[in-house]
Amino acid sequence: MALNGFAVYITDYIDNRTYELPINPKEIKFKWETDDKSETVINLGEINHIGNKKLSSVQIDSTFPKNYVPWLTSRWFNNPEFYINKFEEIRARKGHVQLVVGSTPISMTATISSFEYGFENGYDGEYTYSLTLKEYRETKYRKIKVPIPPKPRPAPPKKLGIGSIVICNGRLHLDSYGSGPGVFEHNARRQITYMAPGRAFPIHVALVGGGPRGWVRQSEVRPV
């Protein structure tokens with residue numbers, strides 16, 4: 001408990017222990033802000049869109065004495081190295097603390113965003129330090145499985161039939177048995193006019209629109 005004035009307490013959430021700062025800072029101020037945005041509207045002028053509450057922060061500047069001094073907040077206090085090691089430990093493990101200013105309604109869950117300490121004016125009887133605490137808001141994340149869409153099925157091959165337009169690459173024959181081999185077709189656009197399933201050369205092609213050409217293997221034509 002502070003001997004006079006307010007007292008500043010910091011509770012570590014890991015070990016659930018509360019530590020009172022041995023000497024109060026000269027001042028302690030909290031700043032509350034919102035993430036407002038302004039824009040200019042024709043015939044109305046500048047308007048303000050009220051945003052969400054931003055994270056608050058507070059900076060505490062004080063000292064850790066090595067020996068008893070009359071302005072201690074309590075007759076019981078730890079050596080400076082204890083506080084330094086404790087704050088460094090909390091900061092290093094990314095822990096959070098509860099800051100409470102005694103005799104006031106001020107209370108804030110925070111993280112140690114920066115901690116600086118040392119000696120000033122060539123005097124080593126006390127450590128000066130600057131401790132910055134930033135408001136901590138707990139968030140929870142939930143993994144959501146996004147279903148993977150099935151791969152599109154390849155389009156079924158076009159069926160061949162009488163009247164189908166095909167590209168022909170093969171040797172022409174007089175009949176579906178392979179008699180009288182003749183000229184070769186090379187990427188020729190043809191039309192199927194007859195079909196003889198089960199024969200060696202079951203496809204008869206002609207010029208598109210008329211004019212017979214001959215019989216070819218089924219593997220030698222592909223639909224357009």
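1. In this predicted model, aspartate 15 and lysine 86 form a salt bridge, with 2.8 Å between the closest N and O atoms.

2. Aspartate 15 has a relative accessible area of 29% and is partly exposed. Lysine 86, at 8% relative accessibility, counts as buried, because the cut-off for buried is under 20%.

3. This pair also belongs to a wider set. A network of salt bridges links Asp12, Asp15, Lys86, Glu89 and Arg93. The structure holds 11 salt bridges.

4. Another salt bridge joins lysine 53 to glutamate 135, again with closest N and O atoms 2.8 Å apart. Lysine 53 sits in the loop between strand S4 (45-49) and S5, and glutamate 135 in strand S8, so the contact ties together parts of the chain 82 residues apart in sequence. Lysine 53 is partly exposed, at 35% relative accessible area, while glutamate 135 is buried, at 15%.

5. Glutamate 135 also meets arginine 137 in a salt bridge, at 3.9 Å from N to O. That distance counts because the limit is within 4 Å. Arginine 137 is partly exposed, with a relative accessible area of 39%.

6. Turning to the nonpolar residues, the largest nonpolar core has 23 residues, of which Ile60, Phe87, Leu131 and Leu133 touch the most other members. At least two core residues come from each of these elements: strand S1 (8-12), strand S5 (57-65), helix H1 (80-92), strand S6 (96-101), strand S7 (107-120) and strand S8 (123-135). In soluble globular proteins, nonpolar side chains tend to be buried together.

7. Leaving aside residues up to four places away in sequence, phenylalanine 87 touches Ile10, Leu21, Phe64, Ile112, Phe115 and Leu131.

8. The largest pocket holds about 210 Å³ of space. Its lining consists of Asn24, Pro25, Lys26, Glu27, Ile28, Lys29, Gln59, Asp61 and Ser62. By class, four of these lining residues are charged, three polar and two nonpolar.

Methods: Residues are numbered from 1 along each chain as its sequence is written. This is a predicted model: local features need pLDDT of at least 70, side-chain atom pairs count only at pLDDT 80 or more; totals for chains, interfaces and linings use all residues. Side-chain values use heavy atoms; hydrogens and water are left out. A nonpolar core is a set of buried Ala, Val, Leu, Ile, Met, Phe, Trp, Tyr and Cys residues joined through side-chain atoms within 4.5 Å. Buried means under 20% relative accessible area, exposed over 50%, partly exposed in between (1.4 Å probe, protein chains only). Helices (H or I, at least four residues) and strands (E, at least two) are DSSP runs, numbered from the N terminus. Contact means heavy atoms within 4.5 Å. On a 1 Å grid over the protein atoms alone, a cavity is a set of points where a 1.4 Å probe fits but cannot get out, and a pocket is an open set with protein on both sides within 12 Å along at least five of seven lines; lining residues have an atom within 4 Å of a point. Grid points are joined across faces, edges and corners, and a volume is the space filled by probe spheres set on the points. Ala, Val, Leu, Ile, Met, Phe, Trp, Tyr, Cys and Pro count as nonpolar, Asp, Glu, Lys and Arg as charged, and the others, Gly among them, as polar. A salt bridge is a side-chain nitrogen of Lys or Arg within 4 Å of a carboxyl oxygen of Asp or Glu.
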